[in-house]
Amino acid sequence: MQFEWKKEYNVNIRTIDLGHQKVFELFEDLLNKYNLGSDNSYIENILNRISAQVYDVFNVEEKLFYQYGYPQSHQHKIIHEEFKIRIVMLKLMASKNYLILNNKIFNQLKDWWLNHLLGEDKRFADFAAKRELEVTPN
Ligand SMILES: [Fe+2]
Ligand SMILES: [Fe+2]
């Protein structure tokens, strides 16, 4: 299982962690479909579900940036936009039957997510946790 979820990927904000886990499950599905040699309509279908899930978890995060007054919100959103463009490209290629998935693409997708989860997302979660401590009286 290449996209197996591990505890250390959690940023400890439940809605975000659940959203990330679903993204990983869908990538695993995509990988399985690819390994089975499934036809393009299956691949397109999963890509659409991945796309919806990615937009969803990015929206959850971005709403929280606003709620917590996160100062790095702008840079973080730009990184989300860059990933959305990747997904749009994959979908476009699949719709034209040009998409050739391979292990390199799966490795890149996984690297991107791990990097983002453990980097920017964790930074935001730490910021939010500090804010919570500030506003919670002891
Ligand atoms: Fe995220
Ligand atoms: Fe993020």
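1. Helices here are DSSP runs of H or I with at least four residues, numbered from the N terminus. On that basis, Asn-12 sits in the segment before α1. The model is a predicted one.

2. Overall make-up. The protein chain has 4 helices and 0 strands. Read from the N terminus, the order is α-α-α-α. Along the principal axes, the C-alpha atoms occupy a box of roughly 55 × 25 × 20 Å. The protein chain has 138 residues, and 16% of them count as buried. Among contacts with a separation of 6 or more, 76% join residues 24 or more positions apart.

3. The α1/α2 pair. Helix α1 covers residues 14–35 and helix α2 covers residues 40–68. Their axes come within 9 Å and cross at roughly 165°. Angles over 145 degrees count as roughly antiparallel, so α1 is roughly antiparallel to α2. The crossing of α1 and α2 is left-handed.

4. What α1 and α2 bring to their contact. From α1 come Thr-15, Ile-16, Gly-19, His-20, Lys-22, Val-23, Leu-26, Phe-27, Asp-29, Leu-30 and Lys-33. From α2 come Tyr-42, Ile-43, Ile-46, Arg-49, Ile-50, Gln-53, Val-54, Asp-56, Val-57, Val-60 and Glu-61. By class, the residues of this contact divide into 12 nonpolar, 4 polar and 6 charged.

5. The α1/α4 pair. How do the axes of α1 and α4 cross? They come within 11 Å of each other, at an angle of roughly 170°. These two helices are therefore roughly antiparallel. On the α1 side, the contact is made by Ile-16, His-20, Val-23, Phe-27 and Leu-31. On the α4 side, the residues are Phe-106, Leu-109, Trp-113, Leu-117 and Asp-121. The classes come to 8 nonpolar, 1 polar and 1 charged.

6. Residues of α1 with two partners. Ile-16, His-20, Val-23 and Phe-27 take part in the contact with α2. The α1 contact with α4 includes these four residues too. An α-helix has 3.6 residues a turn, so residues three or four places apart point the same way.

7. The α2/α4 pair. The axes of α2 and α4 come within 11 Å and cross at roughly 35°. This crossing is left-handed. In α2, the residues involved are Glu-61, Leu-64, Phe-65 and Tyr-68. They meet Phe-124, Phe-127, Ala-128 and Arg-131 in α4. By class there are 6 nonpolar residues, no polar ones and 2 charged ones. Glu-61 of α2 is also listed in the contact with α1.

8. Helix α3. Does the length of α3 agree or disagree with its residue count? At 1.5 Å a residue, its 23 residues should span 33 Å, and the end C-alpha atoms are 33 Å apart, so the two agree. The buried residues of α3 are His-76, Leu-90 and Ala-94. They pack against α2 and α4.

9. After α3. Which residue with a positive phi follows α3? It is Asn-97, with phi near 65°. Asn-97 lies in the loop between α3 (73–95) and α4 (103–135). It is not a glycine. Most residues other than glycine have a negative phi. Asn-97 has 11 other C-beta atoms within 10 Å, so it counts as exposed.

10. Is Asn-12 buried or exposed? Asn-12 is exposed, because 11 other C-beta atoms lie within 10 Å and the cut-off for exposed is 12 or fewer.

11. Lys-6. This residue, too, lies in the segment before α1. Lys-6 has 8 other C-beta atoms within 10 Å and is therefore exposed. Its C-alpha atom is separated by 9.2 Å from that of Gln-21, 15 residues apart along the chain.

12. Glu-62. This residue lies in helix α2. Glu-62 has 15 C-beta neighbours inside 10 Å, so it counts as partly exposed. The C-alpha atoms of Glu-62 and His-80 are separated by 9.5 Å. Along the chain these two residues are 18 residues apart.

Terms used
Residues numbered from 1 in each chain as written. Chains lettered and ligands numbered in written order. Predicted model: local features only at pLDDT ≥ 70, side-chain atom pairs only at ≥ 80, totals over all residues. Axes fitted to C-alpha atoms, helices over the stretch in contact; angles between N-to-C directions. Parallel < 35°, antiparallel > 145°, perpendicular 65-115°, else oblique. Left-handed = near helix turned anticlockwise from the far one by under 90°. Contact = placed C-beta atoms within 7 Å. Nonpolar A, V, L, I, M, F, W, Y, C, P; charged D, E, K, R; others polar. Buried ≥ 20, exposed ≤ 12 C-beta atoms within 10 Å, placed from the backbone. Expected span 1.5 Å × (residues − 1).
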